[in-house]
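Subject: Structure handover and notes

Hello,

Please find the structure below, with my notes after it.

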Amino acid sequence: MVNTFLTVTTCLFVYTMRAGGAPVIIEMVDEWADNWNYKLEPDKTPILSAMIKNHTLPPTALGSGRLLWEREQDRTHLPQFVDRALQLLNLKQVAFEVENSLMSKVSCTACKAGAGLLQHYIKTGKSEKEIKETIYQFCTSLKIQSARVCEGITELFGGEVIYVLGKVKYSADEICSFVIGDACGDVYNPYHEWNVVFPPVPKPKSAPQDAPTASAPSFKVLHLSDTHYDPYYMEGANADCSEPLCCRLTNGPAASKEQAAGKWGDYRKCDTPKATVESMMKHIAETHHDIDYIIWTGDLPPHDIWNQTREENLKILKETVNQMSETFPGIPIFPALGNHEAAPVNSFPPPFIDSPDNSISWLYDELDKQWRNWLPSSVSNTVRRGAFYSVLVRPGFRLISLNMNYCNNKNWWLLLNSTDPATELQWFIYELQSAEFNGEKVHVIGHIPPGHSDCCKVWSRNYYAIINRYESVITGQFFGHTHFDEFEVFYDNKDLSRAIGVAYVGPSVSSYAGLNPGYRIYYVDGDHHQSTRAVIDHETWTMNLGEANVYGYPIWFKLYSARQAYGMEALRPLDWDILVDRMTSDPQLFDLFYKYYYKASIVKPQCDVACRKRILCDLHSGRSHDRRNLCQSIESRIDGNTGTTWREWIYNTISVS
């Protein structure tokens, strides 16, 4: 999930730090060229043993802003645009939008001001030390964050950001259009444009998908995501602190009972205590003893982004891998890398950044060692290169794990060169083409959903084109990152009325923020002659965090199964498209979805018309930063259905009261 990246000055600083992906002409281009040969022989050894299982499927349906930099001595030296922009900022709104990836014109103004300010300092010859000191002073004097958070953010991110911005040459408009997307205009820059190359093989004719046969053998698959285990969580600590992460020993004891962190977690900005992780693992092992394999889509460390080290993140990685191995012995686990595994967060230099201080090899090499618990040695080459891999699960069934941090627009290293970092997408095409030749079906896993606003527009557009080309090969996509229980539908590029794919976005284990903990179970078409390898049904399991803290014991339960809850014939892309259409016209059905979206949290906020538009548009958008093409029909239909009856007005008034 997107990080709580502070507010105001620190937000502005971080906006530039997080501005990932703008492909620009830079100095020493040849030095950063990447000529890796992606045409590797796909692994052909199945991971799963031969099996014919008939799992019991779920039943089907029956029918005040503060102004920045008030000190004159600082303001008189700022560029005119920056000086004016800082006066206009609604800092609380900026902080909220950064934290929730809900960007608007205010976010755009903040981004441009922050980028312009840093560029101005670099241009005028300020040293790295001077720039860091200035940012720290702004952060502390305006009480944006505590002194230790201001210091941690400045030291952890400052050097790399200043280095990158010193190398690239483009305007703040270009930076922020690339980072924020639609809300910051669509500034054209030819260096932001690149396209993957498809082999000269005609696309097979698409055929309507039949609903999988429920009585056929199936796989039962566990999906875990966004654990965010916090080893320093402490019951009774202050859960209502002013820092990006609370409920920790360092936050001190709570001033009142209402502010105290619960034993099993908290709905506020708190991550997952050890007791909750252990309880969930024990429950899964006892309840779902017939799991065939596990997909695990990243984000292991907590949200203390100002205080992280490589050593601490690797320690959490090793502990979690060990726990998974002990809890699920003999069960294949297929992991994907989250954006929080790096230190600092979101920092994933492509392979051409190979200096010891900046290279990401410290993480990828350890991932290769730890993931070797479940993956064959044949994937070591791509894991160490870019933390992506391809494995054969069963004959005719392949799983591909992508490193979605190379689409992450918070990964500022991509400013140096965003063109298919690590040659991952070209390798992806090669694997899919090989699968098509071999008659294999493919599932794709990753962390950041490709349609999410955190994914670069150009990367997402190329991924969308790949899904279009290989729609008959890719029968499942699985992601995390948002912490919500949701999905994204993909459509034919030439006919946006025809759904061709769906990406499932699994719920988070972490309750951060305002959520109940949860996990997902999928039933996948299994081993038989006509197998589609498609998802037959899925369930979301959760526990009521509020009740667990009151009564002292968590009770994990099945919240819903998709086909039964939404009255769906099957879970084909067509069926999910129909569901989005139904929810657009049926507020009660949307309210049911919204309940599950928050995993039945008792503190979920009200969802007004703007909220409803945003969520339904997200479900309709497997391609990021393209709401103009993908969402106009949904938004216009909602606008046309917002006439309120007396009965609805009275009901809503009572509900709000």
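Before the rest, a word on the basis. This is a predicted model, in which local features need pLDDT of at least 70 and side-chain atom pairs count only at pLDDT 80 or more, while totals for chains, interfaces and linings use all residues. Residues are numbered from 1 along each chain as its sequence is written, and side-chain values use heavy atoms, with hydrogens and water left out.

The sheet

Helices (H or I, at least four residues) and strands (E, at least two) are DSSP runs, numbered from the N terminus. Two strands count as paired if DSSP finds at least two bridges between them. On that basis there is an open sheet of six strands, in the order β3-β2-β1-β10-β11-β12, and its pairing is mixed. The edges are held by β3 (333-335) and β12 (556-561); each has a single partner strand, so one side of each is left without a neighbour in the sheet. From one strand to the next the twist averages 25°, where axes are lines fitted to C-alpha atoms (for helices over the stretch in contact) and angles run from 0 to 180 degrees between N-to-C directions.

Strand β1 (residues 218-224) pairs with two of the others. With strand β2 (residues 293-296) β1 runs parallel, over four bridges. With β10 it runs antiparallel, over six bridges, and there Ser-218 has Asp-525 of β10 as its bridge partner. β1, helix α9 (residues 274-287) and β2 together make a right-handed β-α-β unit; right-handed here means that, with the strands pointing away from the viewer, the path from the first strand over the helix to the second runs clockwise.

Is β1 buried or exposed? Seven of its seven residues are buried, so the strand is largely enclosed by the rest of the structure. The cut-offs are under 20% relative accessible area for buried, over 50% for exposed, and partly exposed in between (1.4 Å probe, protein chains only). In a regular strand the side chains alternate between the two faces of the sheet. In β1, Ser-218, Lys-220, Leu-222 and Leu-224 point one way, Phe-219, Val-221 and His-223 point the other way, and all are buried.

Further along the sheet, strand β10 (residues 518-525) and strand β11 (residues 535-543) run antiparallel and are joined by seven bridges. In this pairing Tyr-519 stands opposite Trp-541, and Arg-520 stands opposite Thr-540. β11 also pairs with β12, in the antiparallel sense, over five bridges; Thr-542 has Phe-557 of β12 as its bridge partner. Nine of the nine residues of β11 are buried, so this strand is largely enclosed by the rest of the structure.

Helix α8

Eight of the nine residues of helix α8 (residues 172-180) are buried, so the helix is mostly covered. Among the buried residues are Glu-174, Cys-176 and Phe-178. Just after α8, Gly-181 takes a positive phi of about 90°.

Cysteines

How many disulfides does the structure hold? There are six, a disulfide being a pair of cysteine sulfur atoms within 2.5 Å. I give three of them here.

- Cys-241 and Cys-246 are joined, S to S 2.0 Å. The torsion about their S-S bond is about -90°, so this disulfide is left-handed. Cys-241 and Cys-246 are buried.
- Cys-607 and Cys-611 have sulfur atoms 2.0 Å apart, and with -100° about the S-S bond their link is left-handed. Cys-607 is partly exposed, at 23% relative accessible area, whereas Cys-611 is buried, at 11%.
- Cys-617 and Cys-631 are joined, S to S 1.6 Å. The torsion is about 70°, so this disulfide is right-handed. Cys-617 lies in helix α19 (residues 609-619) and Cys-631 in the loop between α20 (627-630) and α21 (632-640), so the pair ties together parts that are 14 residues apart in sequence. Cys-617 is buried at 0% relative accessibility, and Cys-631 is buried at 1%.

Cys-456 has Cys-455 as the residue with the closest cysteine sulfur, but at 6.2 Å that is too far for a bond. Cys-456 is buried, at 2% relative accessibility. Cys-407 is also buried, at 0%.

Regards
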